[in-house]
Amino acid sequence: MTVLFTGVHFLFYCRALKFIGPFVLMIYTILSRDLSRFLLIYAIFLIGFSQAFYLIFLSCARAKAEMDGTAISQVNNILDNPAESIMRMFIMTIGEFTVFYRELNGCKQQLMRNIGKFLFIVFELFVSIMQFNLLIAMMTRTYEEISSTPKEWKRQWAQVILMLELSLKPRDRLIALLKYSRPIGTDKRKRAFVVARKTTRESLSQTEKELREQQERDIQQEKRTLLKRRLKDMANLANNKDSLGGKMRPLTSYLNAPSTR
């Protein structure tokens, strides 16, 4: 069991690989969404029809016991209990219904035999044919949805990284953040993961050009705001110096470099 669950856990990290990531995601999606819905509907049909056939075969066994003058426990009944009837219905869905139909056709009670044949046809149409074809259609739709997104493996890669980060302590996450991130603009508290890509301005699309220009304007605006704030602080310091009668030390300017002679 340990090896089995280790293999399943290994598939979690395989989602981030470009070659097999989409296929692993297909398996997870089919098992969690498509197959779960199918099993729910299939279980409802299976339990309902199995109990109906259990009552039909029980009536047939009683009729045969009355005709033979024996006890009902001595009559051969392939659906002698509700659990066995569920298993027999499951075997029928995979194509093995010869024994079931032969026993049903040999029922001594005419009404139960006709009802059983009608239910047998309905079961084969709605369960063995329609529901399994619906399952195939659902899995095909899931395959097409995932295969139509070529960048899906990158999103899975990001999810794997996020899950690994959440498994760490906050202090360890902060240390790792400072290692792989860089400050954005003039605000050192805003950090991001920078990807260096060699591109020219001609190779960028119109949207990328507009986004880059907007980022440059934002950075320039932040610099101007910071410069105005520093000038205002310098003016306030100069006013305080004049009001105190020159008791403060000389103010060092950050705008003009001192002249060297």
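A salt bridge here is a side-chain nitrogen of Lys or Arg within 4 Å of a carboxyl oxygen of Asp or Glu. The model is predicted, so local features need pLDDT of at least 70 and side-chain atom pairs count only at pLDDT 80 or more, while totals for chains, interfaces and linings use all residues. Residues are numbered from 1 along each chain as its sequence is written, and side-chain values use heavy atoms, with hydrogens and water left out.

**View 1. Arg33, Asp34 and Glu145 are linked in a network of salt bridges.**
The count of salt bridges comes to 2. In one of them the side chains of Arg33 and Asp34 meet, at 3.5 Å from N to O. In the other, Glu145 pairs with Arg33, and the closest N and O atoms are 3.6 Å apart. This second pair links distant parts of the chain, with Glu145 in helix 5 and Arg33 in helix 2, 112 residues apart. Asp34 is buried, with a relative accessible area of 0%. Arg33 is partly exposed at 26%, and Glu145 is also partly exposed, at 39%. Buried means under 20% relative accessible area, exposed means over 50%, and partly exposed lies in between (1.4 Å probe, protein chains only).

**View 2. Cys60 and Cys107 form a disulfide.**
A disulfide is counted when two cysteine sulfur atoms lie within 2.5 Å. The structure holds 1 disulfide, and the sulfur atoms of Cys60 and Cys107 are 1.9 Å apart. The link is left-handed, with -95 degrees about the S-S bond. The pair links distant parts of the chain: Cys60 sits in helix 2, and Cys107 in the loop between helix 4 (98-105) and helix 5 (110-147), 47 residues apart. Both Cys60 and Cys107 are buried.

**View 3. Helix 2 bends at Ile30.**
Helix 2 spans residues 21-68. Helices (H or I, at least four residues) and strands (E, at least two) are DSSP runs, numbered from the N terminus. The bend at Ile30 is about 40 degrees, taken as the angle between axes fitted to the seven residues ending at a residue and the seven starting there. Just after helix 2, Gly69 takes a positive phi of about 70 degrees.

**View 4. Met1, Leu4, Phe5, Val8, Leu11 and Tyr28 make a nonpolar surface patch.**
The patch covers about 610 Å². Helix 1 (residues 2-14) gives the largest share, 4 residues. Tyr28 lies in helix 2 and is partly exposed, with a relative accessible area of 31%. Patches are made of residues with over 30% relative accessible area and no salt bridge; like charges are joined within 9 Å, and nonpolar side chains (Val, Leu, Ile, Met, Phe, Trp, Tyr) within 5 Å. Accessible areas come from the Shrake-Rupley method with a 1.4 Å probe, and for residues only the protein chains shown count as cover.

**View 5. UniProt lists residues 12-31, 37-57 and 118-139 under "transmembrane region".**
The listing comes from an unreviewed entry; such annotations may be inferred rather than shown by experiment, and positions follow the numbering used here, with feature names shortened. Over residues 37-57 the chain is 100% helix and 0% strand, with the end C-alpha atoms 30 Å apart. Residues 118-139 are also 100% helix and 0% strand, and their end C-alpha atoms are 31 Å apart.
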